[in-house]
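Me: I would like to learn how to read the features of a structure like this one, step by step. Could you give me the general idea each time and then the case at hand?

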Amino acid sequence: MKTRFTELVGVEYPIVQGGMQWVGRAELVAAVANAGALGFITALTQPTPEDLAKEIKRCKELTDKPFGVNLTILPALKPPPYAEYRRAIIEAGVKVVETAGYNPEEHISDFKSHGIKVIHKCTAVRHALKAERIGADAISIDGFECAGHPGEDDIPGLILIPAAADKVKIPMIASGGFADGRGLVAALALGAEGVNMGTRFMCTVESPIHQKIKEQIVANDERATDLIFRTLKNTARVAKNAVSQEVVAIERKGGATIDDIKHLVAGARGKVVYEEGDPDYGIWSAGMVQGLIHDIPTCAELVRKIVSDAEAIIAQRLDRMAGRG
Ligand SMILES: Cc1cc2nc3c(=O)[nH]c(=O)nc-3n(C[C@H](O)[C@H](O)[C@H](O)COP(=O)(O)O)c2cc1C
């Protein structure tokens, strides 16, 4: 399956595993790479830039295929040392980076000057065009369905992807709500050159989270998400649970500040969810696409099935509809 995106990054299939805090570790990323897709280690999951360098080395020991690193730039009271993480990525010889979040300009230009391909993930056409202007090699565009940060415009993929495809010239992959061959064909039809998936890859054998959380994703349906931080204009789509409902209730009362909810939303509590398997212990990210996830395959099984289902849809269903089958 060749697209402009597979050519750009040198992978077999137009399927990407996006950055995932606490989940995007070497074992998952290497399994995605060995399956012929593109995985991203999540830089900020590693407590220090030195730990990130070790994680990249560990991933290289597990695969000889291309993989990348995600650098997420979000508003923070105490920002992580971004420049040092960036340096660790460059010095480790990583070939592809996924940037996400605010003001990626200095990061993109530094990565580019070291010959690294940059895919910028964003949630609005205007941000995609800006990333193209400042030198990104590809765009990943996240519709409102997505896990994590969908932005504040609330434009679902069915509109956002073709709206972006009409304007963006560099290769673009579609993100948010993708899990299967139908999604991949739809993304290609809408003008994308592949798909980026988070929640689906989180629910695989090699994903380094507790089995009970994977089983919770399988049990959950498409309604099992909440939007938190709406009132703080930093919306996040997370798995619906006792804690997310409490946050939503506090925000609904109006006038809430981060101080009113920070005991509930602490990242450290989310980390414990993945480690200990109690889905109600803290906030954890998951998308509406949970409604399309019914199993826990290996990454190789998942990628193989997505590709063979997509090929079957194109060669059988669509060709027949076009009168060629
Ligand atoms: C558990 C989890 C953690 C995530 N953490 C990050 C992150 O740290 N940085 C980032 O750019 N995106 C993050 N995302 C978003 C994904 O990279 C991807 O854009 C999103 O999951 C796509 O939507 P989907 O879950 O419907 O496939 C996360 C997603 C999940 C499920």
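Me: In which strand is N196 found, and is N196 buried or exposed?

Reply: Strands (E, at least two residues) and helices (H or I, at least four) are DSSP runs numbered from the N terminus, and N196 is found in strand β8. A residue is called buried under 20% relative accessible area, exposed over 50% and partly exposed in between, with a 1.4 Å probe and protein chains only; N196, at 4% relative accessibility, therefore counts as buried. Please keep in mind that this is a predicted model, in which local features need pLDDT of at least 70 and side-chain atom pairs count only at pLDDT 80 or more, while totals for chains, interfaces and linings use all residues. Residues are numbered from 1 along each chain as its sequence is written, and side-chain values use heavy atoms, with hydrogens and water left out.

Me: What does N196 touch, and which backbone nitrogen lies 3.0 Å from a polar atom of its side chain?

Reply: Contact means heavy atoms within 4.5 Å, and, not counting residues up to four places away in sequence, N196 touches a set that includes V16, Q17, G18, K121, S140 and F178. A polar contact is a pair of N or O atoms within 3.5 Å; within protein, one must be able to donate a hydrogen and the other to accept it, and residues adjacent in sequence count only if both atoms are side-chain atoms. The backbone nitrogen that lies 3.0 Å from a polar side-chain atom of N196 is that of G18.

Me: Where does Q17 lie, and what does its side chain reach?

Reply: Q17 lies in strand β1, residues 15–17, and is buried, with a relative accessible area of 0%. Its side chain reaches the backbone oxygen of F40 at 3.1 Å. With neighbours within four places in sequence left aside, the contacts of Q17 include L28, F40, N196, M197 and F201.

Me: Which residues come nearest to the ligand, and which polar side-chain atoms lie by its nitrogen or oxygen atoms?

Reply: A residue is near a molecule if one of its heavy atoms lies within 4 Å of it; there are 23 residues around the ligand, of which G19, T72, K121, G177 and T199 come nearest. A polar side-chain atom of T72 lies 2.8 Å from a nitrogen atom of the ligand, while K121 places one 2.7 Å from an oxygen atom and N196 places one 3.4 Å from an oxygen atom. Taken alone, the ligand exposes 600 Å², and the protein buries 93% of that, the areas coming from the Shrake-Rupley method with a 1.4 Å probe. The elements giving two or more residues to the shell are β3 (68–73), β8 (195–197) and α9 (199–202).

Me: Which residues of helix α11 are buried, and why do they line one face?

Reply: An α-helix has 3.6 residues a turn, so residues three or four places apart point the same way. In α11 (residues 242–252) the buried residues are V243, S244, V247, V248, I250 and E251. Seen down the helix axis they fall within an arc of 160°, so they line one face of α11, the arc being that of the directions from the axis to the C-beta atoms. The cover over these buried residues includes β9 (225–228), β10 (236–239), α12 (258–265) and α13 (267–276).

Me: What caps the N-terminal end of α11, and which residue just after α11 takes a positive phi?

Reply: The cap is N241, with a side-chain oxygen 3.0 Å from the backbone nitrogen of V243. Just after the helix, G254 takes a positive phi of about 90°.

Me: What is phi of D154 and of F229, and where are these residues found?

Reply: Most residues other than glycine have a negative phi. Phi of D154 is near 60°, a positive value, and phi of F229 is also near 60° and positive. D154 is found in the loop between β6 (138–142) and α7 (157–165), and F229 in the loop between β9 and β10. At 29% relative accessibility D154 counts as partly exposed, whereas F229, at 13%, is buried.
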